[in-house]
Amino acid sequence: MMSKSGSLPRIEGPSLHFRRAYALYSLIRSLEKGGITLLECLDQLEKMFLYYHGISADASDENTFNLSYTDTVHRHLIGEMNNPVHGGVWMQSALDASKSIAERIWRCAVLIQETDLLGQHLCWKFMRQGTMSSYHAKIMLDLTSRENFSIIQDEGVGYKENYFLMGRKTRFRVDYVVEATGLEYDVNTISSQSPILRRMIQKELVDPDSLGGIRVGFANNKAGPDIYAIGSLTKGTHHFVADIERIASHALRISDSLVGLQPSQPVHVALFVDRDFFSTVILMDVVPKLLVKGHMPFIFLLDKPDRSIYLPDDEREYHFFESLVVPQVIIPHCEAHGGPPQVTLTTSSAENEYGILVEQVKDINDPGFLASLGQYHIDIGILIGSEVKAEEDLRESCRLYQLKAGYYPSYQSIRQVLEQGGSKFGYSLENLSENPECDGLLSTKERSITKAPCVFSALLNSSELGVELAVEAIDRFSRGTLFSTSWRNLTTLSNGRGDGGKRSLKLIDIRSIIGRVVAPFTTAETRKRLLDVIIEELRFMTDVVLDIKDISF
C-alpha cells in the first residue's frame with residue numbers, strides 16, 4: 001500500500017459538539033476584515049483547540065524510527081484503538097467545526113500570498129488532517145499484521161515490462177496497484193488524460209492555478225464564460241476538495257449561479273427572541289435552517305414582563321401556554337431529562353449541540369450590551385415577537401428587522417381579525433433600520449384560520465409562516481438583494497380580509513393543542529413525562545383537570 005507520507009489517516013474520535021463554534025466564526029470574520037493577521041488567527045485557533053483537547057495531529061513515536069512503515073502504522077493503530085481516552089483524534093468535533101472556516105482561512109492566505117505560513121503551523125496541520133472510521137481502522141489493523149502486506153512511502157509508480165515498481169528507498173516489484181493517494185489536482189497531469197480540459201486551456205477559456213487545478217470564483221466556482229468547475233480542479237481556490245460537505249456547498253453555489261441568483265455570503269445573525277411559546281417554536285426551526293446555509297446565528301433571549309395578575313379568568317389558561325409553559329415548565333424539565341437538540345436553544349443555562357451563543361438579555365438597548373455586540377460582527381438582526389422597542393443605537397448597529405404575528409402596522413389579534421370578517425392570519429416582517437429603499441413593511445405571509453379549533457392553534461399554524469419570512473429575509477440579505485416594491489406587493493396578500501362574515505373563535509382548546517405543544521420539545525422517551533408535568537402544573541394554576549388518555553398527537 002502506497003502512502004505519500006508513509007502513514008494512514010488518524011482514527012475518528014467521538015464527535016461531540018464543539019461548544020464555541022460561534023467564536024470560530026467571529027475570529028475568521030476579524031481576519032477577513034483585517035482586524036488580525038493570519039498568524040494571530042492561527043495562534044488563537046490553536047489555543048481554542050488545545051483548550052478543548054482538539055489538536056492531536058502529531059502521531060509520531062520516538063521509539064519507532066527503526067521500524068518499517070508497516071510496523072509503525074500497526075503500533076499506532078493498536079495504540080489508538082485500545083485507548084478510549086486518548087485514542088483517535090481528540091475532540092473530533094473540533095475537526096468537524098473547523099471545516100466550515102478552514103476554506104475561508106485558505107482564501108485569506110491566498111489573497112495575501114502567505115500559503116507557506118499555513119503549512120508550517122500546527123493548527124493548520126490539524127485542520128487538514130484526514131481521518132478514517134474505526135471500521136476501516138480494524139481492516140487496516142488486520143492487513144498490517146500479515147506478512148504479504150507492506151506500507152511504503154511514495155508518490156508515483158514505475159512500470160517495467162509486465163510489472164510495477166514502487167518505493168523511494170527500496171524498490172518493490174508488484175503485480176497489481178490500487179491507486180488511493182488522493183485526488184489529482186496538477187493541471188498538466190489531468191489535461192494529459194482529458195482532451196476537453198487540454199483544449200479549454202489552449203483556447204484560454206480557463207486558466208491554470210499555480211496552487212492546483214484551475215482558477216475559479218470563490219463565491220460561485222465559475223471558471224469562465226458559462227464554465228464551472230468542482231472537485232479537484234478547484235484545489236487552488238478552495239484547497240479542501242475531497243470533503244463531501246464542502247463539495248455539496250460548492251455544488252449549491254453553482255446551482256445558484258445557473259439560475260441567476262447572486263452568491264450567498266455567510267452572515268452573522270442576531271436573533272432577539274421573546275420567551276413566548278410561538279417565538280420559541282420559530283427560533284427552534286429557524287436556527288438549523290440558517291446553519292445549513294452557512295450562517296452563524298447568535299441568540300439573545302428577552303425577559304417578558306408577567307402580566308398574568310391583570311388577566312381575566314377566561315384568559316389564564318391561554319396565558320399559561322403562551323407565556324409560562326416554556327420558561328417555567330418545559331425548560332426545567334428538558335434540563336433534567338433531556339430532549340431534542342433544538343431545545344437547548346431556548347436557555348442560556350445549557351450547552352447546545354450547535355455551538356452557538358445563547359444569552360439572556362434584560363435590555364437590548366443597554367449601551368453595555370450594544371458594545372458587546374461588536375465582538376460578534378453582527379450583520380443583521382431580527383426581533384422575533386418582541387414587544388421591546390428598538391431604540392436608535394440598536395437600529396444603527398446592524399440591519400434590523402422585526403417579525404411579528406399580525407398585519408403591519410396595527411398588528412391586530414386573531415380575534416380582532418375575525419370580528420372584522422377576516423378569514424386569514426399570518427406574520428409580517430418590518431424594517432426597523434434607516435433605509436429608504438426598503439422602509440416599513442417588507443413582506444407578509446398568511447394562511448386560512450377558519451378551520452382552527454382555537455386562537456392558540458391558529459397562531460401555532462401561522463408560526464410556520466414566520467419561519468419562512470425570517471429565513472427568506474436572511475437569504476436575501478446574504479445575497480445583497482434588497483426587498484423590492486414588486487416583491488413586497490406579491491407577498492402582501494389580503495391582510496386578513498375574508499367574505500365579510502363575522503366569526504368567533506375561543507382562545508384555547510387545551511385537549512386539541514397540548515399534544516402539539518409538547519411535540520417540539522420531547523423525544524419518544526421523554527414525551528409522557530413532560531405531559532404529566534404540564535398536566536399537573538395546569539391543574540395547579542388553572543384548576544383544569546386532564547387525563548393523559550384523552551390527548552392525541
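Reader: Which residue of strand 14 is the bridge partner of I382?
Author: In this predicted model, I382 has Y401 in strand 14 as its bridge partner. The two strands concerned, strand 13 and strand 14, pair in the parallel sense, over five bridges.

Reader: And what joins strand 13 to strand 10?
Author: Five bridges join them, and the two strands run parallel. One of the residues involved is V269, whose bridge partner in strand 13 is I380.

Reader: Is strand 13 (380–384) enclosed or open?
Author: Strand 13 is largely enclosed by the rest of the structure, because five of its five residues are buried.

Reader: Which of its residues point which way?
Author: I380, I382 and I384 point one way from strand 13, while G381 and L383 point the other way. All of these residues are buried.

Reader: Which strands make up the whole sheet, and in what order?
Author: It is an open sheet of seven strands, in the order 12-11-10-13-14-15-16, and the pairing is mixed. At its edges are strand 12 (358–361) and strand 16, each of which pairs on one side only. Direction ignored, neighbouring strands in this sheet are turned by 20° against each other on average.

Reader: Where does the antiparallel pairing come in?
Author: Strand 14 (residues 399–405) pairs with strand 15 in the antiparallel sense, over five bridges. Strand 15 in turn is joined to strand 16 (residues 440–448) by eight bridges, and these two also run antiparallel.

Reader: Which residues face each other there?
Author: Q402 has E430 of strand 15 as its bridge partner, and E430 has L441 as its partner in strand 16.

Reader: How many residues of strand 15 are buried?
Author: Seven of the eight residues in strand 15 (residues 424–431) are buried, and the strand is mostly covered.

Reader: Turning to the helices, which strands does helix 12 lie across?
Author: Helix 12 (residues 277–292) lies across strand 10, strand 11, strand 13, strand 14 and strand 15. Its direction is at about 165° to strand 11.

Reader: And helix 1, which strands does that one lie across?
Author: Helix 1 lies across strand 10 (268–273) and strand 11 (296–302), and runs at about 120° to strand 11.

Reader: How do helix 1 and helix 4 cross?
Author: The axes of helix 1 (residues 21–32) and helix 4 (residues 92–111) come within 10 Å and cross at roughly 5°. That angle is why helix 1 counts as roughly parallel to helix 4.

Reader: Which residues make that contact?
Author: Helix 1 contributes L24, Y25, I28, R29, L31 and E32, and helix 4 contributes A97, S100, I101, R104, I105 and C108. By class, the contact has eight nonpolar, one polar and three charged residues.

Reader: Finally, the protein as a whole: how many helices and strands are there?
Author: There are 20 helices and 16 strands. The protein has 553 residues, and 48% of them count as buried.

Reader: What about contacts and surface?
Author: Of the contacts between residues at least 6 apart in sequence, 68% join residues at least 24 apart. The accessible surface comes to about 28,100 Å², and 50% of it belongs to carbon and sulfur atoms.

Methods: Residues numbered from 1 in each chain as written. Predicted model: local features only at pLDDT ≥ 70, side-chain atom pairs only at ≥ 80, totals over all residues. Heavy atoms only, no water. Buried < 20%, exposed > 50% of the residue type's maximum accessible area, 1.4 Å probe, protein only. Helix = DSSP H or I, 4+ residues; strand = E, 2+ residues; numbered from the N terminus. Pairing = 2+ DSSP bridges. Contact = heavy atoms within 4.5 Å. Areas by Shrake-Rupley, 256 points an atom, 1.4 Å probe, with all protein chains shown as cover. Axes fitted to C-alpha atoms, helices over the stretch in contact; angles between N-to-C directions. Parallel < 35°, antiparallel > 145°, perpendicular 65-115°, else oblique. Nonpolar A, V, L, I, M, F, W, Y, C, P; charged D, E, K, R; others polar.
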